[in-house]
Amino acid sequence: MSKVSMVLNGKTVSADVEDRTLLVSFIRDVRGLTGTHVGCDTSQCGACVVHVDGKAVKSCSMLAVQADGAEVVTLEGIGTADSLHPVQAAFREHHGLQCGFCTPGMIMTAVDMINRYGAGNLDETTIRHELEGNICRCTGYHNIVKAIKAASDQMAGMAQAAE
Amino acid sequence: MYETTYHKAGSVAEAASLMANADDGKFLGGGQTLLPTMKQRLAAPSDLVDVTKIADMKGISANGDGVTIGAATTHYEVSTSDLVKQKLPGLASLAGGIGDPAVRHMGTMGGSISNNDPAADYPAALVALGATVVTSKRELVAEDFFTGMFETALEEDEIVVAIKFPGAAASAYAKYPNPASRYAMAGVFVAKASDGSVKVAVTGAGQNGVFRMSAMETALSGNFSPDAVAGIAPDANDLLSDIHGSAAYRANLVTVMAKRAVQKA
């Protein structure tokens with residue numbers, strides 16, 4: 001057992017967990033945040049993507065103890081039902097989901113992508129390439145790509161308006 | 001996953017001593033291969049010694065014409081480093097094509113080469129660029145470090161600390177990824193040294209992991225163009241054959257990837 005502490009969605013949390021506890025199990029089972037999904041459990045599908053110290057990672061392929069001391073953000077940490085993150089709003093607007101199972105990972109990957117490239121700097125080819133680690137079993141990729149592009153462009157407009 | 005005990009090492013010496021005291025331990029880099037393997041119960045180390053928090057093992061620095069890369073440096077850091085992009089563009093582009101973005105944020109160069117997966121990308125770069133692997137005990141040239149499929153010259157408690165790359169006049173990598181797994185079915189790294197000599201290394205296709213193509217190297221030394229390697233292929237008897245592609249198919253892929261790499265370089 002190890003004591004694990006991290007800042008999860010802005011709140012400091014800690015718990016004693018078995019060393020083999022995966023980060024995704026810590027998030028879902030210990031902290032009860034079920035927005036992060038377990039899809040394939042073999043690190044292919046990306047449904048479990050969260051941000052650790054500002055970078056997208058697959059939380060099913062990381063131990064909770066590895067995230068000790070880190071800042072972790074999950075889907076619950078980027079927006080609320082009343083105040084959606086622009087990426088969440090764009091997924092709703094463009095119907096970027098069918099069954100919705102892969103959506104948490106898609107959205108966290110999209111936010112990371114926009115952070116790295118800068119809002120407004122994403123074209124369709126780049127988005128498709130960057131989605132290499134996220135699988136949608138409904139194969140609804142077209143609208144996912146559209147939603148990410150729209151969110152990226154909209155966030156660039158918001159940034160401009162703020163200047 | 002079976003039970004295991006996790007240790008966070010603060011220094012290379014501490015990591016070695018933690019490993020010496022472990023019953024059946026393994027060093028943990030980014031864990032992008034080891035943890036999925038443990039989840040499948042194909043590996044069950046009693047102890048995991050995390051070496052990614054060791055400051056001496058992180059970062060990228062200039063080293064004459066070349067670069068030195070800490071073993072705990074992630075693929076993402078290698079692919080986005082201005083220094084690597086400027087000095088060894090082939091290496092930066094290779095790192096940006098490993099796995100997917102989330103894997104690249106975690107996976108490390110030291111972890112990847114220590115595992116020596118026959119389909120991993122880095123071994124081809126290290127061999128073609130003539131890199132030196134710096135461990136906690138010694139320095140090894142890349143060709144002596146990689147000894148076979150999933151096999152390296154590393155001893156049980158020996159840790160890869162850094163990889164030293166000499167400069168190159170030109171470098172490029174081309175791979176044919178498996179459409180599903182995205183692992184290389186054949187990947188070819190071509191490097192032209194500052195003295196004009198050429199090295200060509202192949203990953204993904206060989207039965208014993210990475211190997212050099214001396215016939216291509218000779219041809220490219222005289223004429224550095226895709227045409228020079230168009231008629232050269234490895235002996236299919238030495239290549240992997242599986243449901244994804246026969247040995248003869250892979251032999252042809254090596255030629256095609258070599259042409260593409262030379263074109264890019």
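Strand β3 of chain A, residues 49–52, is covered on both of its faces, since Val49(A) and His51(A) on one side and Val50(A) and Val52(A) on the other are all buried; a residue is called buried if 20 or more other C-beta atoms lie within 10 Å of its own, exposed if 12 or fewer, and partly exposed in between, with C-beta atoms placed from the backbone. Strands here are DSSP runs of E with at least two residues, helices are DSSP runs of H or I with at least four, and both are numbered from the N terminus. In a regular strand the side chains alternate between the two faces of the sheet.

This is a predicted model, in which local features need pLDDT of at least 70 and side-chain atom pairs count only at pLDDT 80 or more, while totals for chains, interfaces and linings use all residues. Residues are numbered from 1 along each chain as its sequence is written, and chains are lettered from A, with ligands numbered from 1, in the order in which they are written.

**Chain A: strands and helices**

Two strands are partners of β3(A), where pairing requires that DSSP finds at least two bridges between the strands. Strand β4 of chain A, residues 55–58, runs antiparallel to β3(A) and is joined to it by four bridges, and the two form a hairpin with two residues between them, in whose turn Asp53(A) has a positive phi of about 50°. Strand β5 of chain A, residues 71–73, also pairs with β3(A) in the antiparallel sense, over two bridges. Val52(A) takes part in both pairings, standing opposite Lys55(A) in β4(A) and opposite Val72(A) in β5(A).

In helix α1 of chain A, residues 23–30, the residues Leu23(A), Val24(A), Phe26(A) and Ile27(A) are buried. Seen down the axis of α1(A), these buried residues fall within an arc of 165°, so they line one face of the helix; the arc is that of the directions from the helix axis to the C-beta atoms. Their cover includes β1 (2–8), β2 (11–17) and β3 of chain A. After α1(A) comes Gly32(A), with a positive phi near 70°.

Val17(A) lies in strand β2 of chain A, and it counts as partly exposed because 19 other C-beta atoms lie within 10 Å. Leaving aside neighbours within four places in sequence, Val17(A) is in contact with Met1(A), Ser2(A), Val4(A), Phe26(A), Val30(A) and Ala64(A), where contact requires that the C-beta atoms, placed from the backbone, lie within 7 Å.

Helix α2 (residues 86–93) and helix α5 (residues 141–162) of chain A pack at an angle of about 135°, with their axes 8 Å apart. That angle makes α2(A) oblique to α5(A), given that angles under 35 degrees count as roughly parallel, over 145 as roughly antiparallel, 65 to 115 as roughly perpendicular and the rest as oblique. Axes are lines fitted to C-alpha atoms, for helices over the stretch in contact, and angles run from 0 to 180 degrees between N-to-C directions. The contact is made by Pro86(A), Val87(A), Ala90(A), Phe91(A) and Glu93(A) of α2(A), together with Ala147(A), Ala150(A), Ala151(A), Gln154(A) and Met155(A) of α5(A).

**Chain B: two open sheets**

In chain B, three strands form an open sheet in the order β1-β3-β2, with parallel pairing. Its edge strands are β1 and β2 (25–28) of chain B, each of which pairs on one side only, and the twist averages 25° from one strand to the next.

Five strands of chain B form an open sheet in the order β4-β5-β10-β6-β7, and there the pairing is antiparallel. At the edges stand β4 (60–63) and β7 (139–141) of chain B, each with a single partner strand, so one side of each is left without a neighbour in the sheet.

| Strand pair | Sense | Bridges | Bridge partners |
|---|---|---|---|
| β1(B) and β3(B) (residues 47–50) | parallel | four bridges | Thr5(B) and Asp47(B) |
| β4(B) and β5(B) (residues 66–70) | antiparallel | four bridges | Ser61(B) and Thr68(B) |

Ser11(B) is found in the loop between β1 (5–8) and α1 (12–21) of chain B. With 14 C-beta neighbours inside 10 Å, Ser11(B) counts as partly exposed.

**Where the chains meet**

The contact takes 18 residues from chain B and 20 residues from chain A. On the side of chain B that touches chain A, the elements giving two or more residues are β1, α2 (34–39) and α6 (101–106) of chain B, and the largest share, five residues, comes from α6(B).

Notes
Two residues are in contact if their C-beta atoms, placed from the backbone, lie within 7 Å.
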